[in-house]
Amino acid sequence: MCIQRLFALFLCFVATFIFVLPSYGASKIKIGIVDTYTGPATSYTQDVLDGFKLAIDKVNAQGGVLKRKIEYTTRDEKFKPDIGLAMAKELVMKEKVDVLMGTINSGTALAVSDLAKKEKIPFFVTYAKSEKIIGEKGHKYVFNMNENTEMAGRAAAYVLSKKPYIKYWICGDDYEYGHAIAEATWKNLQRLNPKVQKIGESWWKVGEADFAPYITQIMGANPDFIIVATGGAGMVNFQKAAKATGLNTKIPFYQHTANELGTLLPQGKDAPEGVYGTSHYLFYFPDTPANKAFSDEFMKTYKRYPKASALVGYMTGRFIAEGFKKAGKVNADALIKALEGMTLDSPIGPLSIRACDHQLELPTYFGVTKKDPKYDFLVSGDNIVVSPKDFMPTCEEVLKLRKN
Amino acid sequence: MDIVYSVLPPQFLSQVLVGLSRTTILFIVASGLSLILGVLRIPNVAHGSLYMIGAFVSYSIAKLFGGGPSSYWWALLITPFVIALISFVVERGVFQFLYEREHLMLLLLTFAFSLVFGDLVKLIWGVEYKSVPVPGAFQGFVPLFGGIPFPLYNLFLLCVGPVVALILWFIVNKTKIGKISRAAAVDREMVGAVGINVSWVFATVFVIGCLLAGLGGVLVAPTVSVTLGMDHTLIIEAFLIVIIGGLGNIWGALLGALIFGLSQSLGILLWPKFGIVIPYLAVVVVLLIKPTGLLKSTW
C-alpha cells in the first residue's frame with residue numbers, strides 16, 4: 001500500500017514538472033545547444049559557446065528580444081551521434097526549446113538536422129564541417145554557420161592552382177572529415193589546374209600520435225607539394241612531426257586550419273614555419289577596429305584570444321537574436337524567413353546567410369605560418385583573402401545535390 | 001654504404017629506425033600494463049590515463065622550470081615519480097581491497113577510473129592542446145641513410161628503449177622484489193603462506209607498472225600534442241601488444257611492441273594508402289598461429 005501511495009505521489013510530482021516547465025519557459029526564447037564538451041574537440045567547442053555567450057549577454061543586457069530574454073541550455077554529446085540525437089530530442093520534447101544549435105560532430109549534426117526537419121525547429125550547425133549538412137541532406141530548417149569541407153577545399157584549390165606545383169601527395173586522418181577535405185581540395189585543384197598529378201596517398205587512424213613513419217615515407221617519395229587532411233589534435237601532432245623531421249623546410253604542405261590559432265597557440269614558438277593553411281577567422285587579421293574590438297572584448301571576458309570557432313558562436317548568437325527581432329514573433333517559420341538573405345556586420349566585415357541553402361557566406365584567409373615578435377606563438381602571414389564569391393559552390397550546385 | 005643500400009634501400013632502413021623509436025614508447029607503456037596484468041591480475045584500463053596524465057604533468061613541470069628547451073629534462077626526472085605517487089594512493093586507497101574480485105568487476109572499475117582521470121585532467125589542465133618543447137640537444141634532425149632526414153629526438157628514444165628494458169630485466173630477475181613478484185604471479189597464496197606481505201608486493205608492482213605508463217607519457221610528450229583522449233588510442237594498442245606477446249610476460253610486451261611498431265612503419269612504406277591496417281593484420285596473424293600469445297603467459 002505504502003509503496004503504491006509513494007509511487008502515486010511521485011507521478012504527481014513528475015506531472016507537475018511536465019506541466020509547469022513549459023509555461024515557465026514561455027516568456028523566454030530558449031536555445032538548446034548540443035555539443036561535445038569532453039575530449040580534444042572541447043578546445044573548439046568551448047570557444048563556440050563563449051562567443052555565443054558574448055553575443056547573447058549583450059542582447060539580454062539591452063532587455064532581450066521582443067521583450068524576452070534569450071536563455072540557453074547545453075548538453076554534452078561526448079562526440080557520439082546517438083547520444084547527441086537523444087539529447088536533442090530531450091531538449092525539444094522536454095525543454096521545449098525554440099532553436100537548436102551546436103555540435104562539432106558531423107554525424108551528430110546530420111542526425112539532429114533530421115530531427116529538426118521533423119520537428120520543424122531551426123537548427124544552427126556551429127562547427128561540424130560536412131558538406132552534406134546543407135548539401136544533399138539540406139532542408140529548410142538547417143543553417144550552417146561555419147565553412148564546410150567543400151568550401152575549404154575550393155578555397156585552398158583556388159590559391160594552390162596558381163602555384164607551380166605538379167606532383168602532389170595526399171594524406172590525412174582516415175575518417176569522414178579527412179577524406180572529405182582531401183577529396184574537395186584535390187577535385188577542385190584538378191578542375192582548376194589540369195596539369196597536377198597525384199603520386200600517392202597515405203591515411204592514418206584518427207588520433208595517430210606518431211607521424212614520423214608517415215613523414216619519412218612521404219619525403220622518400222619526394223612530391224612537390226603535400227595536401228595534409230588532418231583535424232583536431234592531429235593538426236598539432238603533424239606539425240610537431242613536420243618540425244622534428246624538417247619536412248616544412250624540404251617540401252611545402254597545406255593543412256586546412258594550419259594557420260589558425262587553435263593549431264598554432266599550443267605549439268608556442270616551436271611551431272613549424274612556412275606551412276600553408278586556410279582559416280575563416282584570425283583575431284589579428286584583417287586589422288580593423290571591428291575585429292580588434294571583438295578580440296579585445298573576448299580577451300577581457302575570457303582571458304584568452306578568440307579562435308575561429310569563437311566567431312562562429314558569436315555570429316550564431318547575433319543572427320538568432322536579430323532574426324527574431326526582424327521576424328517580430330517567436331515562430332520557427334518566421335525566423336527562417338527573416339534570416340534568409342540577412343546581412344549583419346561582423347568583426348570581419350558584413351556576413352550574409354545565403355537564402356537558397358542557408359549557408360553563412362564566410363571569406364577564407366589563405367596564409368602561411370610565420371613568427372611575429374608581437375606574439376609568443378606563430379601567426380598566419382602573407383594572408384590572401386579569398387572572397388566567398390570566388391569559391392563558394394553556387395546555389396544551383398547545392399540544390400542539385402539535394403535533389404539526388 | 002652503397003653496397004648496403006643495394007640490398008636494403010635507405011628508405012627501408014629509415015622506416016625501420018622510425019618504427020623502432022615508436023616501439024620504445026609502446027614497449028614502455030605495454031610492459032607496465034603487462035606487469036600489472038601478470039602479477040596483480042588487473043586488466044588496468046586506466047593505464048592509458050596514467051600515460052596521459054604523465055604527458056600533462058610533464059607539460060606543467062616543463063613550464064614550471066621556465067618552459068625552455070632544457071626544462072624537459074626536469075619533467076623527465078620528476079614526472080614518473082608524480083605518477084608513481086598517484087598510483088600509490090589509488091592502490092592503497094582502492095585496489096588493495098579488490099584483488100579477490102572477478103576480472104570483469106576490475107575491468108569495470110579501472111574503466112571507471114579512466115573516466116574519472118579523464119575528467120580530472122580536463123578540470124586541472126583545461127581543454128586546450130598542450131605542447132611540450134623538444135629538449136634542446138635533440139631538436140631538429142640529422143640526415144641519415146641516403147640523406148633522408150631523421151628526427152634527433154627519435155634517436156634519443158632509440159637509446160632510452162634498451163635502457164628501460166635492461167633496468168626492467170634487472171628488477172625482475174636480480175632483485176628480491178622481482179623474484180617475489182614473479183612467484184606471486186604464479187601462486188599468490190603460496191607466497192603469502194611463506195610469510196611474505198603480498199599486499200605490499202602488489203603495491204610495489206602496481207606502482208612500478210604505473211610509473212612506466214607515466215614514463216611513456218613523458219617520453220611521447222615532445223613529439224605530440226598533449227591532449228584529452230590521447231589515452232584511448234594508446235590503451236587499445238597496449239592491450240593488443242600484451243595479448244600477442246603473452247599476458248603478463250614483459251618480454252612478450254617487448255616482442256609485441258616490436259611487431260606492432262615495425263609492422264606499422266614498414267606497412268606505411270609498402271602500402272601507404274592502407275598502412276593503417278598492417279599492425280592489426282599482424283595481430284590477427286599472430287593470434288591465428290598462437291592464440292595464447294607468442295611467449296609464455298602467466299595466466
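Mentor: A residue is buried if 20 or more other C-beta atoms lie within 10 Å of its own, and exposed if 12 or fewer do. The model discussed here is predicted.

Trainee: Is Thr257(A) buried or exposed?
Mentor: Thr257(A) sits in the loop between E9 and helix H10 (261-264) of chain A. Its phi is near 70 degrees, a positive value in a residue other than glycine. The count of C-beta neighbours inside 10 Å is 24, and the cut-off is 20 or more, so Thr257(A) is buried.

Trainee: And His358(A), with its C-beta neighbours inside 10 Å: buried or exposed?
Mentor: The loop between strand E12 (351-352) and strand E13 (364-370) of chain A holds His358(A). Phi is positive for this non-glycine residue, near 65 degrees. There are 25 C-beta neighbours inside 10 Å, so His358(A) counts as buried.

Trainee: Is Leu123(B) buried or exposed?
Mentor: Leu123(B) belongs to helix H5 (residues 103-125) of chain B. Its C-alpha atom is 28 Å from that of Ser70(B), 53 residues apart along the chain. Because 8 other C-beta atoms lie within 10 Å and the limit is 12 or fewer, Leu123(B) is exposed.

Trainee: Which residues does Gly153(A) touch, not counting those up to four places away in sequence?
Mentor: Gly153(A) is part of helix H5 of chain A, and it is buried, with 27 C-beta neighbours inside 10 Å. The C-alpha atom of Gly102(A), 51 residues apart along the chain, is 23 Å away from that of Gly153(A). Beyond four places in sequence, the residues touched by Gly153(A) are Ile181(A), Ala184(A), Thr185(A) and Asn188(A).

Trainee: Which elements are included in what covers the buried residues of H6(A)?
Mentor: Helix H6 (residues 176-192) of chain A has 17 residues and spans 24 Å from first C-alpha to last, close to the 24 Å expected. Its buried residues include Ile181(A), Ala184(A), Thr185(A) and Asn188(A). The cover includes H4 (106-119), H5 (149-160), E6 (167-173), E7 (197-204), E8 (225-229) and E9 (253-256) of chain A.

Trainee: Which peptide bond involving Pro286(A) is cis?
Mentor: Pro286(A) is in the loop between strand E10 (276-279) and helix H11 (289-302) of chain A. Omega is about -5 degrees for the bond that joins Phe285(A) and Pro286(A). The cis bond is Phe285(A) to Pro286(A).

Trainee: How many residues of domain 1 of chain A are in contact with domain 2 of chain A?
Mentor: Domain 1 covers 2-147 + 290-362, and domain 2 covers 150-279 + 364-391. Their centres, taken over C-alpha atoms, are 31 Å apart. Domain 2 gives 14 residues to the contact, and domain 1 gives 14.

Trainee: Which residues touch the most other members of the largest nonpolar core?
Mentor: This core has 217 residues, and helix H9 (residues 198-220) of chain B gives the most to it, with 14 residues. Domain 1 and domain 2 of chain A both give residues to the core, so it lies between them. Touching the most other members are Leu100(A), Phe123(A), Val29(B), Ala30(B), Ala55(B), Ile241(B) and Val242(B).

Trainee: Leaving aside its neighbours within four places in sequence, what is Leu100(A) in contact with?
Mentor: Leu100(A) is one of the core residues that touch the most other members. Its contacts beyond four places in sequence are Gly32(A), Val34(A), Ala88(A), Leu91(A), Val112(A), Ala116(A), Ile121(A) and Phe123(A).

Trainee: Which element gives the largest share of the side of chain B that touches chain A?
Mentor: The contact takes 38 residues from chain B and 34 residues from chain A. By class, the chain B side has 18 nonpolar, 16 polar and 4 charged residues. The largest share, 6 residues, comes from H2(B).

Trainee: Over which residues of chain A does pLDDT stay under 50?
Mentor: Chain A has a mean pLDDT of 91, with 93% of its residues at 70 or more. For the stretch in question the model has 3 contacts beyond four places in sequence. Where pLDDT is low, the predicted coordinates should not be read in detail. The stretch under 50 is residues 20-25 of chain A.

Trainee: What ipTM does the predictor give the complex?
Mentor: Chain B averages a pLDDT of 90, and 99% of its residues score at least 70. For the complex, the pTM is 0.81 and the ipTM is 0.76.

Terms used:
Residues numbered from 1 in each chain as written. Chains lettered and ligands numbered in written order. Predicted model: local features only at pLDDT ≥ 70, side-chain atom pairs only at ≥ 80, totals over all residues. Contact = placed C-beta atoms within 7 Å. Helix = DSSP H or I, 4+ residues; strand = E, 2+ residues; numbered from the N terminus. Nonpolar A, V, L, I, M, F, W, Y, C, P; charged D, E, K, R; others polar. Expected span 1.5 Å × (residues − 1). Domains from an automatic or database assignment. pLDDT = per-residue confidence, 0-100. Core = buried A, V, L, I, M, F, W, Y, C linked by C-beta atoms within 7 Å.
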